[in-house]
Structure formats: structure tokens, C-alpha cells
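Hello,

Here is the structure I promised to pass on to you.

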Amino acid sequence: MRVAIVGQGYVGVTGAVALARQGHHVTGIERDPARLAALEAGRTPVSEPGLQQELSLARETGRLAFASDLAHTHLREPFQVALITVGTPPDGSGAADLSQVTAALAEVAALLPPPAVVLKSTVPPGTSARLLQAHPQMRDRYAYNPEFLNQGSALDDWTTPSRTVVGLWSQEPLALLQQLYGELTCPWVVTTPDTAEMIKYASNAFLAMKISFANEVARLCAAPDLNIDKVMQGAGCDPRIGHAFLQPGLGFGDSCLPKDTAALAHWAAGRGVETPLLDAAIAVNRAQPGLVRDMLREELGEQLAGCEIAVLGARYEPWSDDMRAAPSRALVPRLVAEAGAVRVWDPATDPEDLRRLFPGAEPCQELRTAVRGARAAVVLTEWPEVIEADWSLLAAAMAPPAVVVDGKNCLLPERLAGLPLTYRGVGNRLPDRVTAPAGAPRPAASA
Ligand SMILES: NC(=O)c1ccc[n+]([C@@H]2O[C@H](COP(=O)([O-])OP(=O)(O)OC[C@H]3O[C@@H](n4cnc5c(N)ncnc54)[C@H](O)[C@@H]3O)[C@@H](O)[C@H]2O)c1
């Protein structure tokens, strides 16, 4: 099939590569000149494990191209289907800003001959119905097909999704989507566009609630005789609960959950519907980065002024350069305002970008340089360099009391035991003090 994908961000590039790999002829349409130039030069503009290699392979097949002008490309060789994967960022009120979707849909609606159109961007319930009022001729060729990929496993998630949700008014585009995606073994949930839109928001709201729930339990497990890791391990073993999204930390800070929970809450408020669970998940999340300051104050005294602090990691996740809602964005400026000096180390972020993102903080290229003389180190990304570091050397380089605040609960407390530092995680993570009776078999090691 000849496929256009309008919008080459995390979802669009992943889709373009995956569909070209599958055998379709794909053109990624991108309006941002810098992103387009990178793609045309064979470079992925977004950081995602394996994507660069797969992009190069897909380009070698001759089935993947990029362009800025949808209409012009369509004129030369018409597309059978146009996927829309443009951004839906939050506007100032928390609502989803639908301007990119509205504009992209109008561009596709103007094409002759008309292709089928599949909107994949996350939009509030009722959006498809409202937008299609301006393009009634497209209703029978329209499908809303939300994307559920996770950054970090985007290509795998695209090719082997847990489910394919399709919202449509006419059965016509369904056969086309089946042809597009090939033999997916996952369940297909076929419904109306409104319901499909709500499925995406409900899914993200639930994931956000799991994270906030884990963070609330971590507050309950602050006492030394309650180990948060074991509590979550024990709870997550129940298949009804599951381990995913049950890790305490500084809250959800990927590009989707913060904006989608805010947009759903805004959508509900506009209809006079109360959402106490969703509101609580958002409130817990908003308070999480404040925990770092609380822990620093508890360990260093009320006044942070004069203290040197090292921030280890700026990204929300090591595998993604998407820092739109990373906790570091809110936390580092607060530390800069309160502490004596703040140094930020992140091995995958250009020092100039760190300087631009965090005015007043000093970017560091070496982990040892960042912690040298610091009274506290705050871990914000689970970088292997931090997890596997020789903390005896780092502790020796720090100034007493050498406080380590682990905002990702990624360090192994057992490895830090006995070192001249004070470790604080989200909830108590100090090793259990369970002693086995003499001669009793040792319990199996836990993950
Ligand atoms: N990022 C994720 O992990 C993820 C996962 C699932 C769903 N989603 C949803 O998918 C959508 C896209 O997310 P993203 O993170 O890929 O967005 P993004 O902001 O990274 O990328 C969107 C791209 O679309 C381009 N664009 C906008 N209008 C255009 C137009 N008219 N023509 C050509 N290009 C245009 C922008 O320049 C940008 O490069 C969002 O609604 C998001 O909520 C994202």
C-alpha cells in the first residue's frame, strides 16, 4: 500500500519504519525543517532504542521516504491511506491543544483522489465527531486508531501491540486497516470513534493511577520496618495487580501521562463530571518532586542555601530524549533557586542543551566532577553509569554528610551499605532485617 504518515515525532517515525519494514511504501510528512532534514539525511530525530538501525535498513529497501508537502507528494503518486500522528500538547488550561490535528485533517481532506484517513493522535472523546463535521465527505473513509506504544519499546509495541482499537462510523476502513497492519494476533476492539478515544484516555488514566498509588504506598512505607520494594514485589505478583507501573519514584514524567490525565480531567470538568480518583492521581504526582526537597531539608537542615548539589540525570527515562514533562524540568530550577550551587550531569544530553534547559545550573560531563564537593546527589534517571558506579569513590569525593536522594529507586541499597553516605529512596528501601534461624534453608533471592 502507499501510505502517508503526517507528523514525524516518536509515533510517526516509529510507524513509518515499521510499516516500510512490513512492505508498504511509506512517506513520512514532516513540517519541521530540522526534523525533516535529519530524516532526509537518514537520521532519526527522536531517540528510541533500535530505531536508527531500523530506519537505515528501511531506507535501503527504497520503501521509505520523507517530504514536507503532503499535497505535492500525493499528486505525483496518490496515497491509499494517510495516518495522522501529529502532536496534541496541553494548552495553558490543561486541555489538549487540537490545532495540529485540525490542520492535518484539513490537509488530508483536501487531497484528490481521497485516501482513507486514520487518526492516531490522542484526542478527547468527541473530537473525531466534531472535526469531521467540517469534512462530512470523509466519514466513511475515517478511522480513529489510537496508538499505545511506550517509548523504550516503541517498535516492538507497534508491531506486536496488546490490542488494536479502531473507532469508525462505516465498516469500510476496517478492511483497509487489516491490510495495513497485516496479521496481528492481538484482539481488535472495534467501536465508535468516541469510545475509541475514551479507551486511550482511560488506559493512560489507569496507568497514571498505578504510579500514583505506588507513590502513595511509598509514603506509607517510610518507616524503617516497612520495605517498599518488598511491598510492591509482593503486591505486584498478583496477576490482577501486576508489576508494571508499580515503581515508586518522582511520579510520571513521560510525554503522555501528564498531558493526557490533565486533558481527561479538563474534559470531565467541562461536562460537570467529578473525577476524584483521577484528580488524586494528578495531585499525588504533582507533589512527588517536592519529596526531594523535603528529604534534602531533613538531611541537610532547613537551609539548602550554600549547599552544593549534584543532579544525576536530567531525562525521565535513559532511553528517551523526550524531556517535555520530565521531573527535572520542575525540580532543578527549584534547587537552583534554593541551593548554593547545582551541577547537572546527564551522559546523553548535550551540555549546551542542559545550560538552556536549566539556567543557573552548571552542566558537567563527568559523573565524578558533578559529585565532587557536593553535599547531596539527587538521582533523577536510572542511568547504568549511576547504578553501577563505584559509590565508595563517589562518596569519598562528596562533602559530608554525602546525602544520596534516589528519585528513581534504582540504586541497590545493599551495595551502599557501610559507605560514608546517607541513602534516601522514595519510601524505605533499606534491606530487611530478617534473620534466618540457624540451619534453616535460605529463602530464594528476590528480584
Ligand atoms: N510519544 C509517545 O510515546 C506516544 C505514545 C502513544 C501516543 N502518543 C500520541 O501520539 C501523538 C503524537 O505524539 P508524538 O510524541 O509522536 O508527537 P511529537 O510532538 O513528537 O511529533 C509530532 C510531529 O508532527 C509534526 N507536525 C505537526 N503538524 C504537522 C503537519 N500538518 N504536517 C506535517 N508534520 C506536522 C510536528 O512538527 C512534530 O514533529 C500525540 O497525540 C501523542 O499523545 C504518543
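A polar contact here is a pair of N or O atoms within 3.5 Å; within protein, one must be able to donate a hydrogen and the other to accept it, and residues adjacent in sequence count only if both atoms are side-chain atoms. By that rule, a polar side-chain atom of threonine 88 sits 2.6 Å from an oxygen atom of the ligand.

Before going on, please note that this is a predicted model, in which local features need pLDDT of at least 70 and side-chain atom pairs count only at pLDDT 80 or more, while totals for chains, interfaces and linings use all residues. Residues are numbered from 1 along each chain as its sequence is written, and side-chain values use heavy atoms, with hydrogens and water left out.

Back to the ligand. Tyrosine 10 places a backbone N or O atom 2.9 Å from an oxygen atom of the ligand. Glutamine 151 uses its side chain: an N or O atom there is 2.9 Å from a nitrogen atom of the ligand. On its own the ligand has 830 Å² of accessible area, and the protein covers 93% of this (areas by the Shrake-Rupley method with a 1.4 Å probe).

The shell around the ligand holds 27 residues, the closest being Glu30, Arg35, Thr88, Thr122 and Lys259 (a residue counts if one of its heavy atoms lies within 4 Å). By class, seven of the shell residues are nonpolar, 11 polar and nine charged (Ala, Val, Leu, Ile, Met, Phe, Trp, Tyr, Cys and Pro are nonpolar, Asp, Glu, Lys and Arg charged, and the others, Gly among them, polar). Because domain 1 (2-191) and domain 2 (205-424) both give residues to this shell, the ligand lies between them; the domain bounds come from an automatic or database assignment.

Now for the sheets. Eight strands make an open sheet with mixed pairing, in the order β3-β2-β1-β4-β5-β6-β7-β8 (strands are DSSP runs of E, at least two residues, numbered from the N terminus; two strands pair if DSSP finds at least two bridges between them). Its edge strands, β3 (64-67) and β8 (188-191), each pair on one side only. Strand β7 (residues 164-168) runs parallel to β8 over four bridges, and threonine 164 has tryptophan 188 of β8 as its bridge partner.

Another open sheet has six strands in the order β11-β10-β9-β12-β13-β14, with parallel pairing. Here the edges are β11 (362-364) and β14 (422-424).

Best wishes
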